[in-house]
Amino acid sequence: MRKDVRILLVGEPKVGKTSLIMSLVSEEFPDEVPLRAEEITIPADVTPERVPTHIVDYSEAEQTDEQLYQEISKANVICIVYSVNNKKSIEKVTSHWIPLISDRTDKDSRVPLILVGNKSDLVEHSSMETILPIMNQYQDIETCVECSAKNLKNISELFYYAQKAVLHPTGPLYCPEEKELKPSCIKALTRIFKISDLDNDGVLNDNELNFFQRTCFNTPLAPQALEDVKNVVRRNMADGVRDDGLTLKGFLFLHTLFIQRGRHETTWTVLRRFGYDDDLELTQEYLFPLIKVPPDCTTELNHNAYLFLQSVFDKHDKDRDCALSPEEVKDLFNVFPYMPWGPDVNNTVCTNDEGWITYQGYLSQWTLTTYLDVQRSLEYLGYLGYSIICEQESQAAAITVTRNKRIDLQKKQTQRSVFRCNVLGARGSGKSGFLQAFLGRNLQRQMRIREDHKSYYAISTTYVYGQEKYLLLHEVMPDFDILSEPDLSCDVVCLVYDINDPRSFEYCAKVYKECFLDSKTPCVVVAAKSDLHEVRQQYSQSPLDFCRKHKLHPPQPFTCNTNEAPSKDLYTRLTTMAMHPHMAQADLKNSTFWLRASLGATVFAVLGFAMYRVLLKHR
């Protein structure tokens, strides 16, 4: 909501603009009225909306046209004052003032107008018959009020309506001609309904309505009040209530009713709580809360964020098969202005046999987004209503910023959960196959992946000493001359060569010597396509001799040409090296170290799957 409100009073001379301001301030009609009142500021604590309000007077006798134009451009709301006993001042409203204001304001930033009929104490009749056609003709006119500076009639109300026109404008919400909500308002309220429908059954039950009420207005509804609300909807809409819960149609009807009864501040309170601005767009402050990520630190989701994302998954996994069908994915992202996941996501994370993203794959994709682009992750969580549902100040509460990697090296331990492995190798060396094998896909399944759906990332979980960690594989383009800092910055490097291609290893050797020779980043050489015949590499040293010379592990044989899902042992080894870079040249050479790590991974993978199945029964 705005931090302050600027009200400008304009109109013909002698209609009582200055008297209205002075009567408001002194609470009595002034004996002597100056040509123009000085700008006054009403403090926030004495206004109904708790917002500082500046009231500005205009005098044709004291001010130039240029000064008037400047005041019009600065005003948040303009009160056009006329005298109810002066027909000429009423005619000037449409012949002069409204066209002048329209010419001097930006067409995109509508300034609400209030028609003020002053000196009602001098006449027996009302001017409303004359004014109502004007109100219907001009959409910018928010309301009309008749008042008397002399009798103090409706003076406080006038300035309250002016405040309200700025803070809670009707224009973006409602079309008076059609007597219905505007499309942008329906779209925003529909998103709010879907977020508040925690079990995704299409109705807001009493618990959900109470949570919504507490979230927006800091107070629950009494049981009788809940029934009264539903009864109002029942009387007016056949399908507004279902299974004793409020449907989307009923929810929209209630807000239409609020606006028609002049309580549009209720609807605005709801919209602003869910992140909307005056144009019914989600604000930048809501979508992108401030979060600082120092160099050499990474971003991860914390425990509460994973619990929230699990609840979102459960809400949309209607058939309880622990995977999201294309329809379920579409339903999940219905609260987004666009579809955030393309077909490449299905080749970035684990899927079931039908190619649908599994529960593990779903969490993995969120983990990947948070690691690579935390701003985008914040935006996505904002669309899902994280801060509202989890009752947090913003989505930033979902993010953990890890400590600097140098500290991890010094302390020889890490609290991080996500580790990045950059996969480098010549074209055709088997990098893509290596990524897809991590997701459990053998060569036969990989052959079905369309080229335009290919992903250069793969992420899934591994277990190291019983701890579940995410390993993020990134296939780096082999154009050696354009390797960038992100291509080289990672926790572990995987150099892949094709044992069946005599020119394949040379690229690995060149990359290692030029980029990683003096680096503290652990490196592993992978001898891919190990099911094929091994040929002699056209390089000055064999891969084994090269590894011995540079104190690297011997080339690790790997193939994805298997009947079942490829082995995950090598990925466990990569994660272990990423977690313990200080041991890369020491204990990591020891075969018993790998045995302990792999055994731990196997045991906990079995335990983890068993626990997962138990959880699924409860979900």
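**View 1. Composition of the lining of the second largest pocket.** By class, 17 nonpolar, 12 polar and 12 charged residues make up the lining of the second largest pocket. The model shown is a predicted one. The space in this pocket amounts to about 1,200 Å³. Its lining consists of 41 residues, and those nearest the pocket centre are Arg110, Glu142, Pro169, Thr170 and Gly171.

**View 2. Elements and domains around the second largest pocket.** Two or more lining residues come from each of helix H2 (65-74), helix H4 (128-137), strand S6 (141-146), helix H5 (155-167), strand S7 (174-175) and helix H9 (248-260). H5 provides the largest share of the lining, with four residues. The pocket lies between domain 1 (5-167) and domain 2 (180-281), because both domains give residues to its lining.

**View 3. Burial of strand S3.** Strand S3 spans residues 53-57 and is mostly covered, five of its five residues being buried. In a regular strand, side chains alternate between the two faces of the sheet.

**View 4. Strands paired with S3.** Strand S1 (residues 5-11) runs parallel to S3 and is joined to S3 by five bridges. Within this pairing, Ile7 stands opposite Ile55 of S3. Strand S2 (residues 40-42) runs antiparallel to S3, with three bridges between the two strands. Here Ile42 has Thr53 of S3 as its bridge partner.

Key:
Residues are numbered from 1 along each chain as its sequence is written. This is a predicted model: local features need pLDDT of at least 70, side-chain atom pairs count only at pLDDT 80 or more; totals for chains, interfaces and linings use all residues. Side-chain values use heavy atoms; hydrogens and water are left out. Buried means under 20% relative accessible area, exposed over 50%, partly exposed in between (1.4 Å probe, protein chains only). Two strands pair if DSSP finds at least two bridges between them. On a 1 Å grid over the protein atoms alone, a cavity is a set of points where a 1.4 Å probe fits but cannot get out, and a pocket is an open set with protein on both sides within 12 Å along at least five of seven lines; lining residues have an atom within 4 Å of a point. Grid points are joined across faces, edges and corners, and a volume is the space filled by probe spheres set on the points. Ala, Val, Leu, Ile, Met, Phe, Trp, Tyr, Cys and Pro count as nonpolar, Asp, Glu, Lys and Arg as charged, and the others, Gly among them, as polar. Domain bounds come from an automatic or database domain assignment.
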